[in-house]
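Let's take a walk through this model, starting with charged pairs and then moving on to strands and sheets. Have the structure open as you read.

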Amino acid sequence: MKKFVSILLVIIMCLSYHFILVVHASTLDTKSDSAVMQEGKSTQAQADKPDNEAGAGAKDEADHKDDAASGVSMSEVSLCIDNKNVYEGMQQAYANGYQPVCANGNVTLVLPLISDGKLQQDKITASVDLGATDSSPFVFRSYEKEFNCKPEYINGTGETKDIFLVSFELTLSGKRVNGIYPVIINVTGKDENGIEVQKSFTNFVTVADGIDPNAASSGAADTTQAEETPTSAPVVLVDKSVINTDTVKAGEDFEVTVTLKNTSRQKSVQNLVATVNVPSADIELKNDSNTIFIGKIGTQKTTELTLKFHASKSTADGNYPIEIAMSYDDPKASTLSSTGNFVVTVEQPLDVKLTMPNIDKNVTAGDTIPLTFQVMNLGRSTVYNVRCDVTGDGLSQTKTAFIGNMESGTAGEGETNMFITTLEGKSQYGDTTGTVTLTYEDGFGNEQTQEFSFNTTINKMPDEASTGDEKKEKSASQWWISLAVIGGLIILAGAVSGAYYMGRKK
């Protein structure tokens, strides 16, 4: 029995030792696999990690570009398209299916953007991504501009809206193939905290005046045609304008000769239609029609238009632009257009009246005479720096009679003193003629004057010598009176004395 127990214990110990060896081996295998995995991860991390700071910056820049391309903004400020209104260069709003305008070998692309927050300097930078060069219909060049948020006219009216009006004119390649091409506009800016704002917008350009891709692929198209060397389109401008009068006055007719010039040295223009647009209701075009047809203008040649106008009496002083819109064909019958203008300066006729003061027909040298001038502005415009001056032989004013600015339909007064002196020459006294000069200016600073004359006679002052003779004559007269009184008194005294003497004798 003891022997059996001993054998059983030995078997159990052997099995236990074998189990321990199996568990230990399994543990080693597990650790080995974990180490391999950890080593693999470390190796992959080392491969993914940039080996220098420049590599890390390049990765950040790539991530940054990916964010910009996807339209993700790094700031709370964002940009969006104004899809309700039509701006310059657009034929319809984005909500109504806006498409870039493709004409004359160019594409005009307009993107009206609204910001929901403040951007630094109210400015954004926009650039154009034209896609791959091998399939693009565009001439590749650098398209990048800065745009400011400012008022822009909307819907062809005088109403404005503050907006970033992004606009590019893209040149089409002479080998362009018809189709629809995406154009991406990348926009960047900074908010008030200096955080960058980025967004991308995609437009689709339809090219319909290029090579037919079906004809080219089927071989039905012409064998390689020689591409025509591109040349500039002819441009017609308003070269000059001449008005038949020096000054256009309100209430009068006037005539303007306008010279149109084809500036191209290589291409003539034909079937030109000039449309005259007068923005002011106070100026009326007197021609039978506001459109004029011209058959052809050769290279570097000119033609003249004779335009007749009338300025109404109520036309205020000022400059009035008149526009001429021109539509014409080049030698290939492609329709082109241009716009020019000239300016007409209209002046209101001035009507200023002066009421002369009463001046005596006889004045005395040495006298000072106060004068008051009354002035009325009977014209339709304001007159400026109204004043009166008095001149004449023997006449001198103490100051200018200044009235100042006078609006239409008002009156004013100016005062001065006129000092009477003696005449020049041998005769110091006698008749003289005085002149009152009324001076004023119009709204353009042009000075105008009116003159008024008056006659008077300068008399001699009372002479001091004659006054002394009168005193001598009066003194002599008083002396004779005194002498007569004294003589009378003597006679009276003698009579009294004689009477007294005769009385005593008796």
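**Salt bridges, strands and one buried threonine**

Searching the whole structure turns up 7 salt bridges, a salt bridge being a side-chain nitrogen of Lys or Arg within 4 Å of a carboxyl oxygen of Asp or Glu. Before we look at some of them, note that this is a predicted model, where local features need pLDDT of at least 70 and side-chain atom pairs count only at pLDDT 80 or more, while totals for chains, interfaces and linings use all residues. Residues are numbered from 1 along each chain as its sequence is written, and side-chain values use heavy atoms, with hydrogens and water left out.

Take Lys-123 and Glu-146: they form a salt bridge, with 3.8 Å between the closest N and O atoms. Lys-123 sits in strand β4 (residues 123-129) and Glu-146 in strand β5 (residues 144-153), so the pair ties together parts 23 residues apart in sequence. Helices (H or I, at least four residues) and strands (E, at least two) are DSSP runs, numbered from the N terminus. Lys-123 is partly exposed at 24% relative accessible area, whereas Glu-146 counts as exposed at 53%. For these words, buried means under 20% relative accessible area, exposed over 50%, and partly exposed in between (1.4 Å probe, protein chains only).

Next up is Asp-209, which forms a salt bridge with Arg-176, the closest N and O atoms being 3.0 Å apart. This one links distant parts of the chain, 33 residues apart: Asp-209 is in the loop between β8 (196-207) and α3 (213-218), and Arg-176 is in the loop between β6 (160-171) and β7 (179-190). Which of the two is buried? Arg-176 counts as buried, at 13% relative accessibility, while Asp-209 is partly exposed at 41%. Asp-351 and Lys-353 also form a salt bridge, with the closest N and O atoms 3.7 Å apart. Here Asp-351 is partly exposed at 27%, and Lys-353 is partly exposed at 40%.

Now follow β6. Strand β3 (residues 106-115) pairs with β6 in the antiparallel sense over 8 bridges; two strands pair if DSSP finds at least two bridges between them. Leu-113 has Phe-164 as its bridge partner in β6. β5 pairs with β6 too, antiparallel and over 5 bridges, and there Pro-151 has Asp-162 as its bridge partner. The hairpin of β5 and β6 has 6 residues between the strands, and in it Asn-155 takes a positive phi near 60 degrees.

Elsewhere, 4 strands form an open sheet in the order β9-β11-β15-β13, with antiparallel pairing. β9 (236-243) and β13 (283-285) stand at the edges with a single partner strand each, so one side of each is left without a neighbour in the sheet. β13 is joined by 3 bridges to strand β15 (residues 302-311), and the two run antiparallel. Within that pairing, Leu-285 has Phe-309 as its bridge partner in β15.

Finally, find Thr-416 in strand β24 (residues 411-420). Is Thr-416 buried or exposed? At 3% relative accessibility, Thr-416 counts as buried. Leaving aside neighbours within four places in sequence, Thr-416 has contacts (heavy atoms within 4.5 Å) with residues including Ile-369, Phe-373, Gln-397 and Lys-399. A polar atom of the Thr-416 side chain lies 2.5 Å from the backbone oxygen of Lys-399.

Technical notes:
A polar contact is a pair of N or O atoms within 3.5 Å; within protein, one must be able to donate a hydrogen and the other to accept it, and residues adjacent in sequence count only if both atoms are side-chain atoms.
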